[in-house]
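Here is a short report on chain interfaces and aromatic contacts. Look over the sequence and structure before reading on.

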Amino acid sequence: MSQATAEATLPFEEALAAYDPVLGLEVHVELGTNTKMFCGCATAFGAEPNSQVCPVCLGLPGALPVVNEKGVESAIRIGLALNCEIASWCRFARKNYFYPDMPKNFQTSQYDEPIAFNGHLDVELADGSTYRVEIERAHMEEDTGKSLHVGGSTGRIHGATHSLVDYNRAGIPLIEIVTKPMTGAGERAPEIAKAYVATLRDLLKALGVSDVKMEQGSMRCDVNLSLMPKDSTTFGIRSETKNVNSLRSVERAVRYEIGRHAAILSSGGKVTQETRHWHEDTGITTAGREKSDAEDYRYFPEPDLVPVAPSAETVEALRATLPEPPAARRKRLQSAWGYSDLEMRDVVNAALVDLIDETVTAGASPAGARKWWSGEIARRANDAGSDVPTYAASLAVTPAHVVELESLVTGGRLNDAMARQVWDGVLAGEGTPTAVADARGLELVQDTGALQAAVDKVIAANPDVAQKVRDGKVQAAGALIGQVMKEMKGQADAAAARQLILDSLTN
Amino acid sequence: MRMSELTRADVAHLAGLARIELSDDELDKMVGELGIILESVATVQNAPIDDVAPMSHPMPLVNVTRPDEVRPSLSPEAALSGAPEQDQQRFSVPRILDED
Amino acid sequence: MTNELITASAADLAARLAAREISSAELTQACLDRTAAVDGVVHSYLHVDAEGALAAARAIDERRAARESLPTLAGVPIAVKDVMTTKGLPTTCGSKILEGWIPPYDSTVVTRLKAAGMPILGKTNLDEFAMGSSTEHSAYGPSRNPWDLDRIPGGSGGGSSSVIASFQAPLATGTDTGGSIRQPAAVTGTVGTKPTYGGVSRYGLVALASSLDQAGPCARTVLDTALLHEVMAGHDPMDSTSIDAPVPAVVEAARRADVSGMKIGIIRELTGDGFQAGVQQRFDESVQHLVDAGAEVVEVSCPSFTYALAAYYLILPSEASSNLAKFDAMRYGLRVAPHGIDDPSAEQVMAATRDAGFGDEVKRRIILGTYALSSGYYDAYYGSAQKVRRLIADDFTRAFEAADVLVSPTAPTTAFAFGDKIDDPMAMYLNDIATIPANLAGVPGMSLPSGLAPEDGLPVGFQILAPAMQDQRLYAVGAALEARLLSAWGAPLLHSAPDLTAAGKGA
Ligand SMILES: [Mg+2]
Ligand SMILES: [Zn+2]
């Protein structure tokens, strides 16, 4: 199907002048377990089609599920990290509906007895304020297979003549995290939505439960949105926008839906309760299936699985494994490193916190660590469409390299300009900083005789400038230093050169 | 409520939910039969069940799990051996109407 | 009988095999010959695997010749109900929708039979997906009762009951969701046990109602039933509902056959009104035999049993409607294109296939279950049924405080004629009135023959029920009763069944 045309939207400010948005987010996270939720099949991404399937995850007649212990532990740890209560007794339930990529035609999920419920996550906004997102629940379920739509326009379901299904993904553990409806966000709704997903992503990453790669679908976001007229407290009819799979899209989708709902409401129309599809390329949503009474999932307790009843001791033992919350850790590190708010924000946005932490721990100064990881390498990583940690890993450049580079500077072997050249060499794969310095013959000249000779030569060649310095215009020495450094082919300590110039001209 | 109130439209709706394409004759027959059965099973509501906890499992087991260790999967050939149609090592299915 | 091997007990055959008086190949061939002679009229089998059975038999003979120590039943052939998956052998569940399906894996029960060295003769007939009490709902035609070919062999396991009653196999497997082992045993003069729920693995057993299904042994004597019970039972990590405890000492109990001092409880609600006169008469005689053997008789009341049938016919269809959703023409089994639709969608193919592939009874129960689970009706129907289930379990708990075992007739009548109840689902369902409570509560039950009803000369079944995990009590009581009856009759009951080879000539 060709792209549907965009529906009418009201400008954002206009929409918010008349309506208050009510926002809800449902995030599905694929756990990074070795095996699927209910069978022992591997979960490796990108495996040959239908090579990681068994009677259980293919839904063959007779097969039965058995719960992955690690899946339950991860769910409880996520719940605890989201400040949830953990159910002392809960069950899986079957969500019944037919779909070709769902092998049993029911999803094994949880219904009215989620493993975790009633939590919250504090989200920091750009202006430094904090918004508390209330968490309704986090529950365990399983992923579906993947369909390749053939015929029609490539990869699209509409117009396809048939579909080819790979069930490798079917049964991979998912945790669905559902917020309570967020009210009072006003014009900050798009930002809050994005910040929530980003904060959640960092938290899940810190927990080590998922690789949270939105681009690979291991973290997927649905945006529920409705508007209510200002001064009303009755929620409007909501739309559910599916598969909003980047941080930027989360923000855009919320903004778009606010405008779209407002356009409908302000013209006296009624919003349809429906599923919407987000189009990353055009930045709009289009109507999907209408929610009707046909949507009857006939949930009931899964009779093939027994209840999950974690003891208080189990829960406390899992609580003890929780890492420091990312926000608290960032605060602690910022103060330890002495970074300004702006510097810290840049570091966080560039995903450099872990790398800098490692580098400082390995012995570098916080300033040095930040300088080397955010300079040239950041530019190159950006050109390569990657982030610094990923790019550095691909080049085999490590925190130890930064520590070594910095010690070459502080030890007096290299000046800053030389250190930059050495870093270029390291990034080019020429070896460790010492090896690069050796190979390129980079070393500060320690011989003051040679330096004095160069100073004398430059002073003689620039009598006017020299006179200015003698007359007390010390800043004019800069021009002489540059020439001395040139004379020394860069291999001199600029501070030493400056001292010698001043000594020569002021005595 | 009396279950025999189940109408032909109700049965057609249920058959749709259950993905069974019933013919008109089948529908007619089913409405009558289900009416009788439903009236009989509705007697569960007459049992003294106030304050009784529902029982979903016959045995009171809890926390049955397995370690997160990989077990051999089927070969793709075995996995696809029953497929009505297959292509490119995948199950070939008719066009799907809409994404969920 | 042309060959006495086919009428011998499994225990006797096992002893003769162990003593190398007979070979498994010879025994297996005798069974196959008997099948060739009589199954044309009895129709116990949906599939006979002569080659596979003989190969397995020869392999056991070789191992025995090599003086390998072998399990007790090694070399004794067995017939498997066609609801259990068998790698490489068709598994149809008596349904058109699975015609020709060859599973890529063995059910745990079949794995255990193979490990016990038991050649698998073939797959036995059943009501489609085990829904029925007569095998009239098999898509491949009914099996016949060897006592009277115009009558039902019981159901759903009529293939397994008739295969042993017609001496085609000494042993067979069954599954019992509401009586499908015990009622067929009752109407064919054979023995069958439904173990405690969770006693035998359900892995690879094509689910009808997950919380009710239980596989168990079918045989001609109580000891043979115990020997097979021991092979089939035991913890299976592939089934979350499997009991992780030692198998009750059923064989020992069958051998000791000791009921002295035992309290036998007669269930008031399962005697008298509604039970055929001859059935009641044989039941009363059997109770007297047990008293003569040293047991004490008490009467117990289980008032909630009145609601058992209603609860069962809500819980079973509900679970079945979900379990049978996987049969959708996408991954295995039948695929039917709808009439008059060009380029049908997956949804249309699913609906057309399920219409063509399922029989009337299956459709009826799926739709009933879909209704009972649907939103708005769940609490009134499925929810109420689950509460009644608790009441029934509580009734059992109280009854077992007063008695060590409970007894009743297995079925209200002897075998009825084909067609008698096929158009009256409720009349058919009433047949299971005495067997259903055990499935709802998960307790074990056995049926063994108590004689022939004087009015029609057909076998009558005697049911014994024990508390969960006390399966050995069934065998103690069953063996004691069997010994007394045998000495009263002078020969096994089945020896007075008609000669099928004579009937075969006329057919
Ligand atoms: Mg979900
Ligand atoms: Zn699997």
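Chain B and chain C share five salt bridges in this predicted model. In one of the salt bridges, the side chain of Arg95(B) meets that of Asp343(C), at 3.3 Å from N to O. Polar contacts also cross between chain B and chain C: the rule finds 15 residue pairs, both residues at pLDDT 80 or more. On the side of chain B that touches chain C, three elements each supply at least two residues: helix H1 (8-17), helix H2 (24-41) and strand E3 (90-94) of chain B. H2(B) gives the most to that side, with ten residues.

Now the interface of chain A and chain B. How many salt bridges are counted between chain A and chain B? The count is zero. Polar contacts are found there, with 22 residue pairs across the interface of chain A and chain B, both residues at pLDDT 80 or more. On the chain A side, the elements giving two or more residues are strand E2 (67-68), helix H2 (69-81), strand E8 (146-150), strand E9 (162-166) and strand E14 (284-290) of chain A. E9(A) holds the largest share of the side of chain A that touches chain B, at five residues.

Interface size comes next. It is often given as the accessible area lost when the parts come together. The table sets out both interfaces.

| Interface | Residues in contact | Buried area | On carbon and sulfur atoms |
|---|---|---|---|
| Chain B and chain C | 54 residues from chain B, 61 residues from chain C | about 5,000 Å² | 71% |
| Chain A and chain B | 60 residues from chain A, 36 residues from chain B | about 4,100 Å² | 56% |

Phe98(A), Leu164(A) and Val306(A) supply 13% of the area that chain A buries against chain B.

Rings are the last topic. Over all chains, the structure holds 23 aromatic pairs. Phe327(C) and Tyr332(C) form an edge-to-face pair, because their ring centres are 6.2 Å apart and their planes stand at 80°, where over 60 degrees counts as edge-to-face. Both Phe327(C) and Tyr332(C) are buried. Ring pairs also join Phe327(C) and Tyr332(C) with Trp101(C), Phe129(C) and Phe358(C) in a cluster.

In chain A, the charged end of Arg255(A) sits over the ring of Phe12(A), 4.1 Å from its centre. In chain C, the charged end of Lys421(C) sits over the ring of Phe416(C), and the distance to the ring centre is 4.5 Å.

Definitions and conventions: Residues numbered from 1 in each chain as written. Chains lettered and ligands numbered in written order. Predicted model: local features only at pLDDT ≥ 70, side-chain atom pairs only at ≥ 80, totals over all residues. Heavy atoms only, no water. Phe/Tyr/Trp six-rings, centres within 6.5 Å; stacked < 30°, edge-to-face > 60°. Buried < 20%, exposed > 50% of the residue type's maximum accessible area, 1.4 Å probe, protein only. Lys NZ or Arg CZ within 6 Å of the ring centre and 35° of its normal. Contact = heavy atoms within 4.5 Å. Buried area = accessible area lost by both parts, 1.4 Å probe. Salt bridge = Lys/Arg side-chain N within 4 Å of Asp/Glu carboxyl O. Polar contact = N/O pair within 3.5 Å; in protein donor to acceptor, adjacent residues only side chain to side chain. Helix = DSSP H or I, 4+ residues; strand = E, 2+ residues; numbered from the N terminus.
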